[in-house]
Amino acid sequence: MNLLIWGAGAMGGTIGAYLARAGHAITLVDRAADHVATINRGGLRITGPVDEFTVTVPAFTPESVTGEYPAILLCVKAHHTAEATRMLAPHLAPDGYVVSIQNGLNELVIADVLGWERTIGAFVNFGADYIEPGVIHRGNRAAVVLGELDGQITPRLTALHRTLLDFDDRAIMTRNIWGYLWGKLAYGAQLFATALTHDSIADALARPAFRAVYIALAQEVLGVAAARGVTPEGFNGFDPRAFLPGVDPAVSRRSLDEMVTFNRGSAKTHSGIWRDLAVRKRRTEVDAQLGPIVTLGAESGVATPLVARLIDLIHDIENNQRSQSLDTLDELKKFLP
């Protein structure tokens with residue numbers, strides 16, 4: 001398959017390397033000129049417990065890439081979606097499509113720019129980190145799901161699925177991609193809360209003192225999903241049914257236990273959110289990921305005070321007004337109903 005991957009960081013770089021190794025015609029685009037230069041000079045290296053290999057693959061900056069492509073995988077941070085979609089549009093074939101390999105409801109943004117018929121949804125949960133120019137660490141294997149926005153199983157989706165099997169042979173197609181995206185939003189809210197501290201994901205989710213916070217966050221997100229008629233899907237230990245309003249807290253805690261077990265088995269110990277705050281010292285995707293939950297909740301008459309407070313606390317850390325600590329997580333706990 002002839003694919004352009006726009007964003008060659010943790011997600012896009014990992015997928016692109018595997019597909020290039022499998023013989024697909026892959027072209028990478030990334031705005032980090034040093035990353036692009038390193039890839040072109042010595043290849044793209046995947047490291048970690050899952051695999052160790054280096055692959056030769058052409059890479060370009062957005063300003064230097066040329067040509068049209070029948071499919072583009074968009075793998076940038078959520079808050080760069082609109083800008084990146086407009087930049088890649090001239091490189092999309094007239095009958096081509098863009099696949100969102102991102103966190104959040106970015107399919108809505110892509111579709112607003114290009115049209116629904118030129119957008120395919122995707123949900124990925126594997127762990128990977130950009131380490132340095134030309135090097136990406138893959139920490140584990142996890143869910144990879146593809147779906148048309150209208151729920152159909154189309155020939156183009158089937159062809160894309162066949163291709164992604166060369167990245168992960170457990171990748172699936174779904175008629176309910178929105179269910180997976182909203183499920184990941186609920187889990188993502190929990191990950192943002194863990195990033196308020198320096199705990200690993202597993203250690204943070206395991207702390208008894210804050211389990212009510214993680215449960216309530218998921219309940220707020222899934223309450224908005226329910227109001228919008230979405231049936232959330234589970235993955236990798238996260239069971240959305242365990243976080244519905246009125247569910248026995250013991251059921252919720254069992255799901256948290258399963259999530260702890262899954263994350264303890266990953267070489268990626270901390271979230272990309274934590275890495276943005278603690279290592280790369282840059283702004284996170286909090287507004288693009290969690291902001292729509294607050295907005296859509298207000299439109300649907302569903303209150304989301306805990307999610308709103310979490311957004312504020314992440315901003316405080318970004319602006320050096322708070323530290324990543326259990327005290328900051330405790331500030332979020334004060335907003336429990």
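Me: How much space lies in the second largest pocket?

Reply: The model is predicted, and in it the second largest pocket holds about 180 Å³ of space.

Me: What makes up the lining of the second largest pocket?

Reply: The lining residues are His198, Asp276, Leu277, Ala278, Lys281, Arg282, Arg283, Ile317, Glu318, Asn320 and Gln324. Helix 10 and helix 13 are the elements that give two or more residues to that lining. Helix 10 gives the most, with 3 residues.

Me: Why is alanine 17 called buried?

Reply: Its relative accessibility is 0%. The cut-off for buried is under 20%, so alanine 17 counts as buried. The residue is found in helix 1 (residues 10–21).

Me: What does alanine 17 touch, beyond residues up to four places away in sequence?

Reply: Alanine 17 touches Leu44, Ile46, Phe53 and Val55. With leucine 44 the separation is 27 residues in sequence, against a C-alpha to C-alpha distance of 6.8 Å.

Me: Which strands are the edges of the open sheet of 8 strands, and what makes them edge strands?

Reply: The strand order in this sheet is 5-2-1-6-7-8-11-12, with mixed pairing. Strand 5 (59–60) and strand 12 (172–173) each pair on one side only, and they are the edge strands. Helix 1 packs on this sheet, where it touches strand 1 (2–6), strand 2 (25–29), strand 6 (69–74) and strand 8. The direction of helix 1 makes about 160° with that of strand 2. Helix 3 (residues 81–88) lies across strand 1, strand 6 and strand 7, and runs at about 165° to strand 6.

Me: How do you know that strand 8 pairs with strand 7 and with strand 11?

Reply: Two strands count as paired if there are at least two bridges between them. Strand 7 (residues 92–100) and strand 8 are joined by 2 bridges and run parallel, so this pair meets the cut-off. Strand 8 and strand 11 (residues 144–148) have 5 bridges and pair in the antiparallel sense, so they meet the cut-off as well. Valine 99 stands opposite isoleucine 120 in strand 8, and alanine 122 has leucine 146 in strand 11 as its bridge partner.

Me: What joins strand 11 to strand 12?

Reply: These strands run parallel and are joined by 2 bridges. The bridge partner of valine 145 is isoleucine 172 in strand 12.

Me: What makes strand 8 mostly covered?

Reply: In strand 8 (residues 119–124), 6 of its 6 residues are buried. Thr119, Gly121 and Phe123 are buried on one side, and Ile120, Ala122 and Val124 on the other, which leaves both faces covered.

Me: Which members of the largest nonpolar core touch the most other members?

Reply: Among its 59 residues, they are Trp182, Leu217, Phe243, Leu290, Leu310 and Leu332. Helix 6 (177–194) is one of the elements that give two or more residues to this core, and its share of 12 residues is the largest. A second, separate core has 40 residues, including Cys75, Ala122, Phe126 and Ala171.

Me: What is phenylalanine 243 in contact with, leaving aside its neighbours within four places in sequence?

Reply: Its contacts are Gln190, Ile215, Ala218, Gln219, Leu222, Phe238, Ser252, Ser255, Leu256 and Met259.

Me: What covers the buried residues of helix 12?

Reply: The buried residues in helix 12 (291–300) include Gly291, Ile293, Leu296 and Gly297. Their cover includes helix 6, helix 8, helix 11 (286–289) and helix 13. Just after helix 12, glycine 301 takes a positive phi of about 75°.

Key. Residues are numbered from 1 along each chain as its sequence is written. This is a predicted model: local features need pLDDT of at least 70, side-chain atom pairs count only at pLDDT 80 or more; totals for chains, interfaces and linings use all residues. Side-chain values use heavy atoms; hydrogens and water are left out. A nonpolar core is a set of buried Ala, Val, Leu, Ile, Met, Phe, Trp, Tyr and Cys residues joined through side-chain atoms within 4.5 Å. Buried means under 20% relative accessible area, exposed over 50%, partly exposed in between (1.4 Å probe, protein chains only). Helices (H or I, at least four residues) and strands (E, at least two) are DSSP runs, numbered from the N terminus. Contact means heavy atoms within 4.5 Å. On a 1 Å grid over the protein atoms alone, a cavity is a set of points where a 1.4 Å probe fits but cannot get out, and a pocket is an open set with protein on both sides within 12 Å along at least five of seven lines; lining residues have an atom within 4 Å of a point. Grid points are joined across faces, edges and corners, and a volume is the space filled by probe spheres set on the points. Axes are lines fitted to C-alpha atoms, for helices over the stretch in contact, and angles run from 0 to 180 degrees between N-to-C directions.
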